[in-house]
Amino acid sequence: MGNRMTDLVALMAANASRWNNAKLTRSFGSVAKRLVAAKARYQSVSAKTAVPWAFIAVAHEREASQNWNTQLGQGDQLNRVSTHVPEGRGPFKTWEDGAYDALVSCSPYAARNKDWSIGGTLTMLERYNGLGYAARGRPSPYIWSGTDQYVSGKYVRDGVYDPNAVDQQFGCAGLLKAMMQLDPTITFTGAKITPVPKPKPPAAPKPPPPSAPSITAPAQGSIGAFFVDLFKSLLGRK
């Protein structure tokens, strides 16, 4: 477990670095627009799982080309028991039910993730697909296809890697970059951010100190006040 955790930390750093350097080599705009248009539906699952909606959206696109009749976990039919990993899931009545199951009850348990920095987000997406590429020291096309961070290499079947195969699908990183252009509320700060303390409100001004008693304004209840009141009554003033 210790080595695995170290590998994940290194992978998070590598993915964050690739993100900062990545340039798109394909046009992601139309797909990104379609995913952003369904934001409310993704947000309904996000509200129940605490998984950012943009993560759910790109996983949906990658697994099933945003087909709403499939399971988020592996793209199998919604109304049947899944046969691909994670197998044995479903059937589900709604896409949202299947998405909740995939994020909460299936490895890598995205709903348990606490680090939604860009490195944490991309690494969770990569774990969702499998760490076979990381084990080879290669950028995952699941993440980087369509950017200059990926050239070739693909698992064409479970456990079968072809170094010359080129992934034709859009990778998650490029999708996220394109979505951010359309919706600037998408951010990747997550657990890495240090909240800026709110400025303290200005102190309420102190009331002026009471004026010292004088001949014209003697202290209440004093003999001076008695004579002032007497003087006013003699003059007919109240």
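Is Leu-24 buried, partly exposed or exposed? Leu-24 counts as partly exposed, because its relative accessibility is 38%. I shall return to this residue at the end of the presentation. Please keep in mind throughout that we are looking at a predicted model.

Let me begin with confidence. The average pLDDT of the protein chain is 86, and 77% of the residues score at least 70. Two stretches call for caution. In residues 1-6 the pLDDT is below 50, and the model gives this stretch one contact beyond near neighbours in sequence. In residues 191-198 the pLDDT also stays under 50, and here the model has five contacts beyond four places in sequence.

Next, the overall architecture. The protein chain contains ten helices and two strands. Along the sequence, their pattern is α-α-α-α-α-α-α-α-β-β-α-α. Of the 238 residues in the protein chain, 38% are buried. As for contacts between residues at least 6 apart in sequence, 56% of them join residues at least 24 apart.

The largest nonpolar core consists of 43 residues. Within this core, the residues with the most contacts are Phe-55, Leu-72, Leu-103, Leu-122, Leu-125 and Met-179. Two or more core residues come from each of α2 (29-37), α3 (39-49), α4 (53-64), α5, α6 (118-129), α8 (141-144) and α9 (172-182). Which of these elements gives the most to the core? That is α4, which supplies seven residues.

Setting aside residues up to four places away in sequence, Phe-55 touches Leu-103, Ala-110, Trp-116, Thr-121, Met-124, Leu-125 and Tyr-128. Two of these partners, Leu-103 and Leu-125, are also listed with Phe-55 among the core residues with the most contacts.

Let us stay with α4 and consider its packing against α3. Two packed helices are described by the angle between their axes and the distance between the axes. For α3 and α4, the axes come within 8 Å and cross at roughly 115°. This crossing is right-handed. On the α3 side, the contact is made by Lys-39, Tyr-42, Gln-43, Val-45, Ser-46 and Thr-49. On the α4 side, Trp-53, Ile-56, Ala-57 and His-60 make the contact.

Gln-66 counts as buried, because its relative accessibility is 8%, and the limit for burial is under 20%.

Further along the loop between α4 and α5 we find Pro-86. Val-85 and Pro-86 are joined by a cis peptide bond, with omega about -5°. There is another cis peptide bond between Ser-107 and Pro-108, where omega is about 10°. Pro-108 is placed in the loop between α5 and α6.

My next residue is Asp-101, which is in helix α5, residues 95-105. Asp-101 is an acidic residue that is buried, because its relative accessible area is 12%. Which side chain does the side chain of Asp-101 meet in a polar contact? The partner is the side chain of Arg-89, at 2.6 Å. Leaving aside neighbours within four places in sequence, the contacts of Asp-101 are Arg-89, Phe-92 and Cys-106.

Finally, as promised, Leu-24. This residue lies in the loop between α1 (2-21) and α2. Apart from residues up to four places away in sequence, Leu-24 touches Gly-146, Thr-147, Gly-174 and Lys-177.

Notes: Residues are numbered from 1 along each chain as its sequence is written. This is a predicted model: local features need pLDDT of at least 70, side-chain atom pairs count only at pLDDT 80 or more; totals for chains, interfaces and linings use all residues. Side-chain values use heavy atoms; hydrogens and water are left out. Helices (H or I, at least four residues) and strands (E, at least two) are DSSP runs, numbered from the N terminus. Buried means under 20% relative accessible area, exposed over 50%, partly exposed in between (1.4 Å probe, protein chains only). A polar contact is a pair of N or O atoms within 3.5 Å; within protein, one must be able to donate a hydrogen and the other to accept it, and residues adjacent in sequence count only if both atoms are side-chain atoms. Contact means heavy atoms within 4.5 Å. pLDDT is the predictor's confidence in each residue, from 0 to 100. A nonpolar core is a set of buried Ala, Val, Leu, Ile, Met, Phe, Trp, Tyr and Cys residues joined through side-chain atoms within 4.5 Å. Axes are lines fitted to C-alpha atoms, for helices over the stretch in contact, and angles run from 0 to 180 degrees between N-to-C directions. A crossing is left-handed if the near helix is turned anticlockwise from the far one by less than a right angle, and right-handed if clockwise.
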